[in-house]
Amino acid sequence: MPTQCSTEQFDFARVEGHKVVASFDGGTITSDAGALLLGQTNRVVRLVDRFAGCFCDRRRPDLIEHSVPTLVGQRLYGMALGYEDLNDHDHLRHDPLFAVMAGKLRARRPDCAAVAGKSTLNRLELSKPEPTRYHKISYDAAAVEALFVDLFVEAHAAAPDRIILDLDATDDPIHGDQEGRFFHGYYDSYCYLPLYIFCGRHLLAAKLRRANIDASAGAIEEIERIAGQIRTRWPKVGILLRADSGFAREALMTWCEANDIDYLFGLAKNDRLIGEIAAELAAAAKDSEQSGKPARRFKDFSYKTLSSWSCERRVIGKAEWMTPSLAESDDMSMRAKAKAATSAKAAAIDPDRPAGRANPRFVVTSLPVETHAARDLYETLYCARGEMENRIKECQLDLFADRTSAHTMRANQLRLWFASMAYVLVSALRRIGLAKTRFADATCGTIRLKILKVGALVRISVRRIKFSMASAFPYTDVFAAAWATLDKAAR
């Protein structure tokens with residue numbers, strides 16, 4: 001039963017002589033009625049049951065009140081609706097919306113709610129490979145990883161000619177004594193260093209890693225697994241890897257070249273690379289002086305490191321000269337002193353050069369010059385990599401992928417996967433249900449705020465369960481369109 005709350009009444013300012021009061025005595029009301037669309041989305045992609053199938057349940061069947069699909073679904077829907085803390089579920093388990101989503105209106109035992117509380121969900125997250133007295137549910141990591149790729153492939157009606165896989169590492173700050181805790185100098189904090197792999201808006205991998213490693217550590221194993229699974233379904237698909245300079249490593253590039261996979265990686269600048277584009281930098285500086293605007297030129301050349309690379313590779317250099325105002329604002333946001341020192345070397349041109357500074361950038365690629373000109377390759381193809389940053393922000397800021405506060409890395413990896421699966425579910429709602437609405441490109445946070453957070457009075461009778469949603473809801477047309485599309489897809 002829900003905790004008996006005080007009948008305290010809250011008084012507010014009068015309106016036209018009327019006393020304004022409030023109290024928590026509304027009864028069976030939910031603030032998350034829009035989540036019914038998430039349930040409809042789950043009918044289409046079957047995410048909850050398939051994710052639950054990645055767990056092994058060693059509990060006694062005759063003593064089970066909450067099945068693994070119920071627990072998994074409750075956690076996913078909770079995170080999608082903004083409830084990242086397990087403590088929230090001690091109250092949410094009495095919300096009729098969560099009972100309906102679980103397909104279970106009441107518990108068999110009189111002392112239980114229809115869905116689980118914080119303690120049961122906590123035992124799920126703290127599962128161990130081998131069962132113990134209190135932890136009898138464990139997950140199969142390989143099955144979870146494969147499910148991300150299966151869901152990605154199934155989202156396409158036909159095999160594409162080429163896919164672009166974006167790789168990136170990001171920081172996941174930790175504030176306790178978690179297993180695998182290390183200080184990362186670049187991020188200036190104790191953190192994990194998870195590896196994300198996306199294809200557009202599709203999440204293919206979210207791997208939790210310690211922070212005392214190179215950004216590219218484990219990338220070959222992840223790409224080998226993902227590419228193998230994709231090419232089993234799409235044998236002729238072309239694959240391009242795209243990432244920043246943290247992934248421009250000999251081992252990864254050599255592996256790509258040996259396995260018919262193209263790559264486009266940022267390349268950290270050095271004096272030799274800057275010397276290669278010295279003439280282009282001088283020309284860009286002259287162009288900028290004449291126009292008063294930033295100017296850039298490109299150079300395509302072959303390059304090999306002194307010792308780490310096994311062969312020459314194609315490199316594109318962007319020789320950009322920034323105007324004083326842009327240079328100043330860029331310095332403010334990108335560590336001014338370090339940039340200024342680099343710029344002094346980077347210029348490598350006449351001492352009486354115009355005001356502003358050089359901003360050289362480089363990429364290394366296996367793509368041929370015949371089909372990918374230097375400027376287009378950099379400006380159109382490589383710079384689009386920045387869109388992946390928005391996807392990571394959705395996972396971490398909107399769906400709490402950085403809430404890894406459990407003690408063990410195994411438990412924190414599961415937390416990361418719960419958040420990632422919640423992203424996949426909301427992304428499927430966006431891709432299928434909201435595709436032809438004004439929220440087709442909305443972030444997960446916007447979808448939650450605008451579509452999922454709908455107040456409703458819940459009436460349960462013998463024949464039906466009715467959610468009477470707020471009449472003043474401003475997006476009824478979007479809700480109706482999403483329902484119609486999802487209902488058709490589910491059928």
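Because the model is predicted, local features are considered where pLDDT is at least 70 and side-chain atom pairs count only at pLDDT 80 or more, while totals for chains, interfaces and linings use all residues. Residues are numbered from 1 along each chain as its sequence is written, and side-chain values use heavy atoms, with hydrogens and water left out.

Taken along the principal axes, the C-alpha atoms of the chain fill a box of roughly 85 × 65 × 45 Å. The chain contains 18 helices and 19 strands, where helices (H or I, at least four residues) and strands (E, at least two) are DSSP runs numbered from the N terminus. Of its 491 residues, 49% count as buried; here buried means under 20% relative accessible area, exposed means over 50%, and partly exposed lies in between, with a 1.4 Å probe and protein chains only. The accessible surface of the chain comes to about 24,200 Å², and 52% of that surface belongs to carbon and sulfur atoms; these areas come from the Shrake-Rupley method with a 1.4 Å probe, and for residues only the protein chains shown count as cover. Among the contacts in the chain with a separation of 6 or more, 68% are between residues 24 or more positions apart, a contact being defined by heavy atoms within 4.5 Å.

S1 is hardly covered, since the count of buried residues among its 6 residues is 0. S1 and S2 form a hairpin with 2 residues between them, and glutamate 16 lies in the loop that separates the two strands. Glutamate 16 has a positive phi of about 50° although it is not a glycine, and at 77% relative accessibility this residue counts as exposed.

Another non-glycine residue with a positive phi is arginine 46, whose value is near 55°. Arginine 46 is placed in the loop between helix H1 (36-45) and helix H2 (47-52), and with 48% relative accessibility it counts as partly exposed.

Strands pair through backbone hydrogen bonds, either parallel or antiparallel. An open sheet of 3 strands has the order S3-S18-S19, with antiparallel pairing. Strand S3 (29-30) and strand S19 (465-469) stand at the edges, each with a single partner strand, so one side of each is left without a neighbour in the sheet. S3 pairs with strand S18 (residues 456-460) in the antiparallel sense over 2 bridges, and the bridge partner of isoleucine 29 in S18 is leucine 457.

Two packed helices are described by the angle between their axes and the distance between the axes. Helix H3 (residues 68-80) and helix H6 (residues 118-125) pack at an angle of about 100°, with their axes 11 Å apart; the axes are lines fitted to C-alpha atoms, for helices over the stretch in contact, and angles run from 0 to 180 degrees between N-to-C directions. H3 and H6 are therefore roughly perpendicular to each other, given that angles of 65 to 115 degrees count as roughly perpendicular, those under 35 as roughly parallel, those over 145 as roughly antiparallel and the rest as oblique. At this contact Leu71, Gln74 and Arg75 in H3 meet Thr120, Leu121, Leu124 and Glu125 in H6. The residues of the contact divide into 3 nonpolar, 2 polar and 2 charged, where Ala, Val, Leu, Ile, Met, Phe, Trp, Tyr, Cys and Pro count as nonpolar, Asp, Glu, Lys and Arg as charged, and the others, Gly among them, as polar.

Helix H6 also holds arginine 123, which is partly exposed with a relative accessible area of 36%. Leaving aside neighbours within four places in sequence, arginine 123 is in contact with Tyr134 and His135. The C-alpha atoms of arginine 123 and serine 471, which are 348 residues apart along the chain, are separated by 40 Å.

Serine 189 counts as buried at 18% relative accessibility, and, not counting residues up to four places away in sequence, it touches Phe182, Phe183 and His184.

Terms used. Pairing = 2+ DSSP bridges.
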